[in-house]
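Take a look at the model below. Then follow the text through it, one place at a time.

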Amino acid sequence: MEQTILYGKPVADAIRQQLKEKFAGRDLTLATFLVGDNPAAKVYKRSLLKTAASLGVKTRDVELPEATTQEEAEIRLRELSEDPAITGILPLMPLPRHISKLDLIQQLDPEKDMDCVHPMNSGRLYLGITPWGPCTPRACMAILDHYDVPLEGSNVAMVGYGEVVGRPLTLMLMGRYATVTVCRSRTKNLPAITRQADVIISAVGKPGLITEDMIKEGAVVIDVGINSVEGKLVGDVPEAAKQAKASAYTPVPGGVGVVSNLMVMETLTRSF
Ligand code: NAP
C-alpha cells in the first residue's frame, strides 16, 4: 500500500509564503495574554512569539501572576482589547481555576479574538458565517485540503469533542458534507466506529488510544493529540499503528502542531 506522511511543514511553508506577501508594509501587533504559570501555555506562547517575529509581526507579551483576581484580569484584557496599537489577542489556556473563562473572554473585542473564543465568534462558527474558527481545527482542515483528502460523503470518526479542537472541527467537517461520528469518553465500542471510518481524527490527549486494530486498512489518520511520554512527544495514535494501516497520516511531532501557529498569524489578516 502506498503511504503518504502528511507533514505539516509543506502546508505551513505555503501559508507562510502567502502571509509574507499579505503582511508586507503593514504594522501588525499580536498580543499574548497569559494568567498564571501553566508550563504548556508558556511553551505555546514562546513558539507563537517566535513565529510572529519571523513574519515581521510585532508582539506584546502580557503575563499576569497566578494570584490575579477575576476583576484585575478582566480590566487588563479589556485595556489590551481597547488599545488601537493591538491587531489581535491570543488568550492562553488553561486559566487558573479561580478565573471564569466565559466572563474573562467577554472582555475581548470579537474582532481581535485570534482563536475564536468569544461567544460571538463561536456563534458565527456555529452558523457557518465565519472562516475564522479556532486555529487547531483550521490547521487540520488546511492539512486535509493541502493533501487533497476527500471529505464530501466520507465517513469521519471525530474522536474527542473538546471546546478547542473536536467540537469546532466537527462543525467544519459537517460544513464540508462529511458524515461525522463524534466519539467521546462514554462512547460504547469505539473500535467499531473507528473501523468504519475513511478518516479518523483523534483529539483526546491519551497516548495509545487508537490501536492498529481500530484503523481500517487505507484510512487517513489525523493525530491532533500531544502527549509527553517519558520526555518524548507522542500523539494519540502510535506511529507504528499509523504506519501499519493508514494510507496517509500526520506524524507527531511534525504534523498538526506545525500548522496551528501559522493559523494564529493568518487570523491577523481578518483586519484587512
Ligand atoms: P479536551 O478539551 O480535554 O477534550 C478531550 C476530549 O476527549 C473530550 O471530548 C473527551 O470526552 C474525549 N475523551 C477522553 N477520553 C476519551 C476516550 N477514552 N475515548 C474517546 N474520547 C475521549 O482536550 P483538547 O483541548 O480538545 O485537546 C485534545 C488533544 O489535542 C490534547 O492532547 C491536546 O494537547 C491536543 N492539542 C493539540 C494542538 C496542536 O496544535 N496539535 C492544539 C490543541 C490541542 P468527553 O467530552 O466525554 O469528556
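**A walk through the model**

M263 sits in helix 10. Helices (H or I, at least four residues) and strands (E, at least two) are DSSP runs, numbered from the N terminus. This is a predicted model, in which local features need pLDDT of at least 70, side-chain atom pairs count only at pLDDT 80 or more, and totals for chains, interfaces and linings use all residues. Residues are numbered from 1 along each chain as its sequence is written, and side-chain values use heavy atoms, with hydrogens and water left out.

Is M263 buried or exposed? M263 counts as buried because its relative accessibility is 4%. Buried means under 20% relative accessible area, exposed means over 50%, and partly exposed lies in between (1.4 Å probe, protein chains only). Now look at what surrounds M263. Leaving out residues up to four places away in sequence, M263 touches I15, C135, R138, A139 and A142. Contact here means heavy atoms within 4.5 Å. Take R138 from that list. M263 and R138 are 125 residues apart in sequence, yet their C-alpha atoms are 7.0 Å apart in space.

For R184, a polar side-chain atom lies 2.8 Å from an oxygen atom of the ligand. G205 has a polar backbone atom 3.5 Å from a ligand oxygen. Taken alone, the ligand exposes 940 Å², and the protein buries 70% of that. Accessible areas come from the Shrake-Rupley method with a 1.4 Å probe; for residues, only the protein chains shown count as cover.

G205 is also one of the residues in contact with N227, leaving aside neighbours within four places in sequence. N227 lies in strand 9 (residues 227–229). At 7% relative accessibility, N227 counts as buried. Its side chain makes a polar contact with the side chain of D236, at 3.2 Å. A polar contact is a pair of N or O atoms within 3.5 Å; within protein, one must be able to donate a hydrogen and the other to accept it, and residues adjacent in sequence count only if both atoms are side-chain atoms.

Next, go to the loop between strand 11 (248–249) and helix 10, where T250 is found. T250 counts as buried because its relative accessibility is 0%. The side chain of T250 reaches the backbone nitrogen of D223 at 2.8 Å.

Finish at helix 2. Helix 2 (residues 39–54) has 16 residues. Its first and last C-alpha atoms are 23 Å apart, close to the 22 Å expected at 1.5 Å a residue. The expected span is 1.5 Å times one less than the number of residues. Which residues of helix 2 are buried? They are A41, K45, L48, L49, T51 and A52. These residues cover an arc of only 160 degrees around the axis, so they lie on the same side of helix 2. The arc is that of the directions from the helix axis to the C-beta atoms. The buried residues pack against several elements, including helix 1 (9–23) and helix 10 (256–267). On the face turned away from the buried side are the exposed residues P39, A40, R46, K50 and A53. N38 caps the N-terminal end of helix 2, with a side-chain oxygen 3.1 Å from the backbone nitrogen of A40.
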